[in-house]
Amino acid sequence: MSVVILLSLLAGLATCGSCGAVNNTILFISNKWVNTSFNIKAVIGEPELLSVFEDPTSYVGWGYPSVFSAILENGIAGYRMIYQGWFDNQVSTKLALLAESLDAVSWKPASTDGPLAPNALFDLENQELSQVFDDAAFTANASQRLKMLLTNETVLVSQNGTHFEVWPHVKWTTKYIDPGFFAFRRPDVGDIVSTSRPQALRPVGRHIGIHNGSDWTDLDYNTTQCYPVDRIYQQWDQPYGMPVFLYEGLYIGYLWRYWIPHG
């Protein structure tokens, strides 16, 4: 497996008002791969802003949104997005929040009648979430299609993204993993691969670790292959995580960075 790797700044996600920090995303694609491929030409484009979603009650600067297809009310096909937020900017109150869309571009908060916020699924308490993984292609149990990974080792499962239950006797890790952590599948072998910032390397530097496993209880975090991306950017930003998506036979990684301006 190779995660294709080219620095291309995509978009700003959020700003820390007190420190002037900005969260950005970088797309990695290999220049060597582009130059040796047929019918592909590398060009510098300008991303088009299609929409902006603002949560009505919570701060979502570290929201880690996950988007998946879903059947909405009245049987309409659409999309749901789950993310975490801090209710009323209170650090001690973290919520799992839900939004819905018909086209994955224009979003609105879902109506859940949840705790504290009208679109809250539940109170995360002392936990954080980083991803809700759509495992539909690899699980025979529809009730376990969506897997929500929490920092306290717990995996929550759901069929539709509106009601989650604890997956009994399943712990996705044996140690605390700081968000953002993300998982993806290798269809050719069925393995689960995850990316994260290994705690053991902090505060020396921020690396991206690649972890391999055969199922959700076999992600071996003791054999970590690390990419020292902090050496490239350590003077001016901090890598926080790298979600990976399979597209046309390629694994595309998006490096999420927290940038603190200097000067």
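F53 is partly exposed, at a relative accessible area of 24%; buried means under 20% relative accessible area, exposed over 50%, and partly exposed in between (1.4 Å probe, protein chains only). This is a predicted model, in which local features need pLDDT of at least 70 and side-chain atom pairs count only at pLDDT 80 or more, while totals for chains, interfaces and linings use all residues. Residues are numbered from 1 along each chain as its sequence is written, and side-chain values use heavy atoms, with hydrogens and water left out.

**Aromatic pairs**

- The whole structure holds five aromatic pairs; rings of Phe, Tyr and Trp (its six-membered ring) pair if their centres lie within 6.5 Å, and planes under 30 degrees apart count as stacked, over 60 as edge-to-face and the rest as tilted.
- One of them joins F53 and Y83 edge-to-face, with 5.8 Å centre to centre and 80 degrees between the planes.
- This pair links distant parts of the chain, 30 residues apart: F53 is in the loop between α1 (31-35) and β4, and Y83 is in strand β6 (residues 77-87).
- Y83 is buried, with a relative accessible area of 3%.
- F245 and Y254 form an edge-to-face pair, at 6.0 Å centre to centre and 75 degrees between the planes.
- F245 is partly exposed at 48% relative accessibility, and Y254 is partly exposed at 26%.

**Positive phi**

- Most residues other than glycine have a negative phi.
- Y64, not a glycine, has a positive phi of about 45 degrees.
- Y64 lies in the loop between β4 (58-59) and β5 (66-71) and is buried, at 8% relative accessible area.
- A104 also has a positive phi, near 65 degrees.
- A104 sits in the loop between β7 (94-101) and β8 (108-109) and is partly exposed, at 32%.

**S101 and its contacts**

- S101 belongs to strand β7 and is buried, with 3% relative accessibility.
- The S101 side chain makes a polar contact with the side chain of D103 at 3.0 Å; a polar contact is a pair of N or O atoms within 3.5 Å, and within protein one must be able to donate a hydrogen and the other to accept it, while residues adjacent in sequence count only if both atoms are side-chain atoms.
- The S101 side chain also reaches the backbone nitrogen of A104, at 2.8 Å.
- Leaving aside neighbours within four places in sequence, S101 is in contact (heavy atoms within 4.5 Å) with L72, G78, Y79, S106 and W107.

**Whole chain**

- The protein chain has two helices and 20 strands; helices (H or I, at least four residues) and strands (E, at least two) are DSSP runs, numbered from the N terminus.
- Of the 263 residues in the protein chain, 47% are buried.
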